[in-house]
Amino acid sequence: MRNARRTPALLAGAAIVALIAAAALLSFVFTPFDPLQVNAPARLQGPSLQHWLGTDNLGRDLLSRILVGARITLLVGVVSVGIAVLIGTPVGIWAGMKRGAVEELTMRGADILLAFPALLLAIMFAAIYGASTVSAMAAIGLASVPGFARVARAGTLQVMNAEYVLAARAAAQRPVRIAARHVLPNITGMLLIQCSVTFALAVLAEAALSFLGLGTPPPVPSWGRMLQESQQYWGTFPAMAIWPGLAIALAVMGFNLLGDGLRDWLDPKLGRGKA
Amino acid sequence: MSEGHEFHGEPLLRVENLGIAAGSTPLVSELSFSMAAGERIGLIGESGSGKSLTATALLGLLPEELALTGSAHLRGFAPELFTAGDKAMRGLRGDEISMVFQEPLSALNPLMKVGAQVAEVMLVHRTVPTRAAAQRRAVELLASVKIPDPAQAAGAYPHQLSGGQRQRVMIAMALANDPQLLLADEPTTALDVTVQSQVLELISAQVRERGTGLLFITHDLAVVANMCTRVLVLNKGRLVESGDIDTIFTAPAHPYTRALLAASDISATDARGRLFTVDTAAGYVPPALRTEVAKEPAAGAPERSVRPAGDGLITATNLGRTYHRARIRAFGPRPVVKALDGVGFSIAAGERVGIVGESGSGKTTLLRILAGLDAPSTGSAVVAGTEVAGASEADLAPLRRQLQIVFQDPMGSLDPRMKVADIIAEPLLVPGHKLDARGREAAVHRMLGLVGLEPESASRYPHQFSGGQRQRISIARALVNRPSILVADEPVSALDVSVRAQVLNLIADLVDEYALTLLMVSHDLSVVRHLCDRVIVMKDGRIVETGDTEQIYNNPAHPYTAQLVASSLELAEELAPNP
Amino acid sequence: MLVRIAGNLARFVLSLLAATLAVFALMRVLPGDPAAIAAGENATPEVVAGLARQFGTDRPLPVQYWDWFSGLWRGDFGVSYVTRTDISPLVADKVQVSLILVTLAMALALALAIPAGTIAAVRHNRPSGAVISAASQLGIAIPGFLLGIVLVSFFALRLGWLPANGWVAPGVDFAGFASRLVLPVIALAGVQSAILVRYVRSAVLEVMHEDYLRTARAKGLSPLGALVRHGLRNAAIPVLTVTSVQFSALIIGAVVIERVFVIPGLGSMLLSAVANRDLLTVQSVVMVLVALTLVVNLLVDVLYTIVDPRIRAAAQGER
């Protein structure tokens, strides 16, 4: 039934994500050039055998910078999704199992936090603590908590209303055991999808933040910052914007496809006409 | 009962070699039948028999993925139905052929007033000149299907009507343009018994009055016997038998028909006092042929040697449970719904008690309170020595060892991500339980054998089992801890008839073997009558009557009980020789 | 129905209150004394104390909160610690610019997404539906500022059809105003419509499988007629939810787009305040952005109540 071949989105998404992860890992051991090496005579070159993607306004190798830039993208994504999962999931499950005032309070809290999108929170953090990778990760992670709390709560409510949970309660199972044995396994799929979607949003937020100059400070290359540095050359040398732009779009698409693929793959209803 | 076939000439509907397939899997094959004008034909079969697909195909609304072969002709309509094309079929739908669906709530547009929905079918076919005339006619139609205050009902949204009223709206809509053919797909399955009988009566009266041909699709043989003159029996997409009601139900020629009949007839039991199943159907005698002598001992629960003794194992006093609804006025009090109201009774050890009532009667709430899964708002319930009211989870520990529960939905009551072995062993995994892993494994295997499942089942997942097998797994889980009380919430109502009999037999056997006290909730009076010694009848959160099963059925004291008994269609009564 | 709307309003007011607390806590309590920040790293304690007295930040935090909050109530955000100018008139000015941008972008996104999503759903197993789905999948991956860069490079800098950036008030030069608006609105609306297409498509697909649509077909309505008469209003309900969520994304997206197109809206104001560490201005702009989001949520909640009769009489059983 669950045949990965029936969900091309899953394969495509996984392939793109793997490619980006491979690029980031590769950059630790090998890059064609030093991504920070300024080389004025070689500035604003188009693609060549030496510089596959060309060079930027300071003569730095674009391919090397793109490869290294993948690190920041993945780092921010992994840490902020991690923060959101670790805080949001237990809160959501707790709210869904406790019900009553606990649920009402946590969900209202989540609603209010939802009025602060990741980028806005990150800008606030940058204003307070200065621009840094850590404050970006913290802000994006925190802003993604309500998403996980809501998904976890909705899934928990569904599971808690199922008769197998009533049966477990009738069999004197403790709440913690019910959460571990029944709730968590049954909402893992939804959480995985949420991870994937949140990761894509984190990539976007990080890129926008770097573009605004409020992300990881230079000289560390990041895709958003490369876009910002290209601003003066949009009309004359668009390659400087195209490559990091493509990298961002590819990463976002990869995680979105992964999420869609997981959704199709995990959907028990799927079996009739594939949309 | 039968009006005979006084119709001559061209049939109303002629279906030849109907075949429906999903890819290479046939869903319906070689189905041929014809219907005379005004004839009422029942199409019966269990889930997956292809009966609903057949009706959908006649309307030309099969999903595109399914392949349709064969032909169908409707009188007065030149093109063949299956190849006519959507445009031509649109002219027929709602005008010459119309349909009533199973679930009236989802079949009506939730955002549109019901009067407008009825008027629409006339406006589409221009059978009324103006919108205003359509509205007027809609109100008349709502009146003709006996909806109280039809003018006001026309302005209501579907969620504001009761289930029975919604189905009446669907019927009004289907009959608005006086169709030649009415397709009814399980139109009363989602309704309460008392409502079911009224709706059936309505359909019956309307089609007779208008001379409409009726194709009535159902799994319920008693309903067919009540509604139709002729039956088509479908099994796995094939027509196994067809003929007059009287012939089919007295002298079924095909073994499947006989099995279906035997399993549906809960009033009939074999020599051991067990219900007939597919395997034992050969010994079944259809009710019309049964002599009075043969009938008596067969009816009701078999006599048991052990009579209940002692005082209440379960005692409820003045139990109440209220829910709050959202406010209607900004600062007014929140409206209160009384799900249970002053309920009191006592059940002795070894008794088998059935709680009967319609939806909203509070029977499930009562069961959950007794099982310690919901807390009463008022009153007290002592179950096996444990007070349930105000009890903490720790207080309930003794109750949890004594009482286990079996639910209605055999899919929803098993965790899809757990193996059967883990599901059955779950009640053994409580703190302080002595059994080790090997002991649990042995217990699981013993239980699997007891409920008639293969030992290999232990390592499979719930979705790999059929509905009846899943219900067996639920029962195994409920009994693994050797409880003394078994409560069952509609344990067979989601199952096909042939499986229903097997599961009921299993429950009866295990209740005997384990000397259980059984408390079962059901909307189906015949199931309760078969299994229980005593009945509690509930309505609107209150107990209206309680007493011995046979006394309640034969001589109900409360008018509501009388209505309930009269409304419930039992195969034996429907088929009994006409008085 | 009025009860329901009153409830929505009450929730809005509570959320707004909670948001002011959250913003105050984040911006005013966490970072430390704004006076010290404004005075600079080498300032003497006396200078800092003088500034603190001047700003009023030497008072207890609850008093400061009340002061700020009651100011908000009157539409007074206070005086910037850095530029020493009144913040309110600036905000009032910029909020108009941002609102024009965001509202137009949302309108364009919806105008594109509703028909495209419906077509994608109706033709979900035909090539045209697949093309729309693929295009939206692609569109979602291109962030607004990236699309903006592409649009500027091509249409403004290469072809010279439209101005690359800037802003002119509509009263001054309407043609100039409109021509400068085209690219940023498209850049903002692009991603949004791609996202909305997906939701419209799945909402319509869902509705197409509903029993009442089958009933409508059984009445003799054509597939399209059934969908239009019975499906779209039902499909609008989940789309409304997404629209309200996406509006907040749009408001924050506009901040970045304003940077790309050098538009003097709230976003530019926010970013320059961040650059100057002008925390009170940051705090004010953030509050306005959050309040806008909450207002849109309120409007959508009220719309729900009007569209869906079931919500009007919702009976929330506490189970």
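The model is predicted, so local features need pLDDT of at least 70 and side-chain atom pairs count only at pLDDT 80 or more, while totals for chains, interfaces and linings use all residues. Residues are numbered from 1 along each chain as written, chains are lettered from A in the order written, and side-chain values use heavy atoms, without hydrogens and water.

**Helix packing in chain A**
- Helix 5 (residues 133-161) and helix 7 (residues 175-211) of chain A pack at an angle of about 150 degrees, and their axes are 8 Å apart; axes are lines fitted to C-alpha atoms over the stretch in contact, with angles from 0 to 180 degrees between N-to-C directions.
- Helix 5 of chain A is therefore roughly antiparallel to helix 7 of chain A (angles over 145 degrees count as such).
- The contact of helix 5 with helix 7 in chain A involves 16 nonpolar residues, nine polar and one charged.

**Chain A with chain B**
- In this interface, 20 residues of chain A are in contact with 26 residues of chain B (heavy atoms within 4.5 Å).
- The buried area is about 2000 Å², with 53% from carbon and sulfur atoms; buried area is the accessible area (1.4 Å probe) that two parts lose on being put together, summed over both.
- Between chain A and chain B there are zero salt bridges (a side-chain nitrogen of Lys or Arg within 4 Å of a carboxyl oxygen of Asp or Glu).

**Chain A with chain C**
- Here 42 residues of chain A are in contact with 46 residues of chain C.
- About 3600 Å² is buried between chain A and chain C, and carbon and sulfur atoms give 74% of that area.
- Two salt bridges cross the interface of chain A and chain C.
- C:Arg11 forms a salt bridge with A:Asp111, with the closest N and O atoms 3.9 Å apart.

Methods. Helix = DSSP H or I, 4+ residues; strand = E, 2+ residues; numbered from the N terminus. Parallel < 35°, antiparallel > 145°, perpendicular 65-115°, else oblique. Nonpolar A, V, L, I, M, F, W, Y, C, P; charged D, E, K, R; others polar.
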